[in-house]
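User: I am new to this structure. Please take one part of it and walk me through it closely, then show me what else is there.

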Amino acid sequence: MPIRSRRPFRPSPRPLRPPAPPAAGPEPPAAAPPTFAELGLAPELVQATTEMGFERATPIQARAIPVALAGRDLVGQAQTGSGKTAAFGLPILERLEVPGPPTQALILCPTRELTVQVAEEVGRLASHRAVGVLSIFGGDSMRRQLTGLHQHPQIIVATPGRLLDHLQRRSLSLGEVRFAVLDEADRMLDMGFAPDVERILRQTPPSRQTMLFSATMPEWVRRLASRYMRDPETVSVTGHTELVPTVRQWYIECSWADKVEALTRLLDSPAVRVGLIFTETKRNADLLHSVLLTRGYDVTVLHGDLSQRDRDAALERFRSSTVRFLIATNVAARGLDIEDISHVINYDVPATPEEYVHRVGRTARAGREGVALTLITPIEILKLRDIERHTNTRVERHTTGELDELVGAGVGAA
Ligand code: AMP
């Protein structure tokens, strides 16, 4: 492999640009959160929240309840513990027809525990309304569920598998559903419920209001929102480590030996219009640079051992689209603010979650879509799990065997 001679180290005459200031959090500055009466809920619902010890709305409630009361579809990015159950439960109770037909609201949950918990919470919120709430989940007595269904409850909280059993037996129909909630949608995906959820949604009237809650936004969840929801309003309260929501994140599992091959397959795709490629070390940046140059790619390199002049020149060539690809180390890319980077590629996994967030934040700027691809060897997978935990997101797994398919699908580009 031809290796370009490294330039002699010359201390830079002025320091690299300082890091970009931390991005503002997604929440507006905290004024006093509204009370439930201020959110316009009926007195008997306000009374129930008071009896449950709720004094003021949580952030997800303050932002989701007005949207849901207006009848709009909603994507809520929030975790368990944020108060999301009341965020969808209260608007449903407010707008439910009482007395009215059975199964006006359908709440799908990934696990039996969550199903029971949500049914209990909604039941408490409904304590001053004559509304029936029934939980339906696998492993529970079919008889209890059938008896419950005979009471024509307006709200059904269910796991997808057992709900489908009831639909097949015709013990339940979804023809009157006006509100559908997908709670913890990302976990439903993890549990293998994706096809069941879609099958169920297709049996509900298209005129329904749909609310989707998910702590992370994997590809399937986004697709669900675009296929089954009408112009949903997104409400996100996941805190400041949240990644830009328009970034798709994939990782590609490959061996060390396959990394260059995998990378070049991706770079060959015209969908990778402008790519910023990160390496952990200056040496790797130089090595990769010479490999890509010999293979004929339009690429330049940026790292701290280069002179200021060479760094400026590299940046200028990238910024002015003279080259399509820039290889950079973390430090060199600090504060790099180029609006139109379609893909960030982590040739090496960053050492820390903060570094990952910083790298990924170089794409999807100014509301554009972006893709973050990380090449991962099996031993690096723990670093990725750490990143996922800290950033509260999920990075979708792919293998080198899927590269053709990924390239065919535009490497995630919109
Ligand atoms: P959830 O995220 O829906 O699982 O709710 C987490 C916990 O917070 C539950 O025990 C709720 O009863 C409680 N909770 C929900 N909303 C509020 C509120 N506005 N004030 C105080 N506690 C709340």
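Analyst: Start with helix 5, residues 142-150. Its buried residues are Met142, Gln145, Gly148 and Leu149. Buried means under 20% relative accessible area, exposed over 50%, and partly exposed in between, with a 1.4 Å probe and protein chains only. Helices (H or I, at least four residues) and strands (E, at least two) are DSSP runs, numbered from the N terminus.

Seen down the axis of helix 5, the buried residues fall within an arc of 125 degrees, so they line one face of the helix. The arc is taken from the directions that run from the helix axis to the C-beta atoms. An α-helix has 3.6 residues a turn, so residues three or four places apart point the same way.

What do the buried residues of helix 5 pack against? They pack against strand 3 (133-136), strand 4 (155-158) and helix 6 (160-169). Contact here means heavy atoms within 4.5 Å. The face turned away from the buried side carries the exposed residues Arg143 and His150.

Now the two ends. At the start of helix 5, a side-chain oxygen of Ser141 comes within 3.2 Å of the backbone nitrogen of Arg143. A polar contact is a pair of N or O atoms within 3.5 Å; within protein, one must be able to donate a hydrogen and the other to accept it, and residues adjacent in sequence count only if both atoms are side-chain atoms. After the helix comes His152, with a positive phi near 55 degrees.

A word on the source. This is a predicted model, where local features need pLDDT of at least 70 and side-chain atom pairs count only at pLDDT 80 or more, while totals for chains, interfaces and linings use all residues. Residues are numbered from 1 along each chain as its sequence is written, and side-chain values use heavy atoms, with hydrogens and water left out.

Seven strands form it, open and parallel, in the order 10-11-9-12-13-8-14. Two strands pair if DSSP finds at least two bridges between them. Strand 10 (299-302) and strand 14 (396-399) stand at the edges, each with a single partner strand, so one side of each has no neighbour in the sheet. Within the sheet, seven bridges join strand 8 (residues 247-253) to strand 13 (residues 370-376). Tyr251 has Thr374 as its bridge partner in strand 13.

Last, the cysteines. The structure holds zero disulfides, a disulfide being a pair of cysteine sulfur atoms within 2.5 Å. Cys109 counts as buried because its relative accessibility is 0%. Cys254 is buried too, at 6%.
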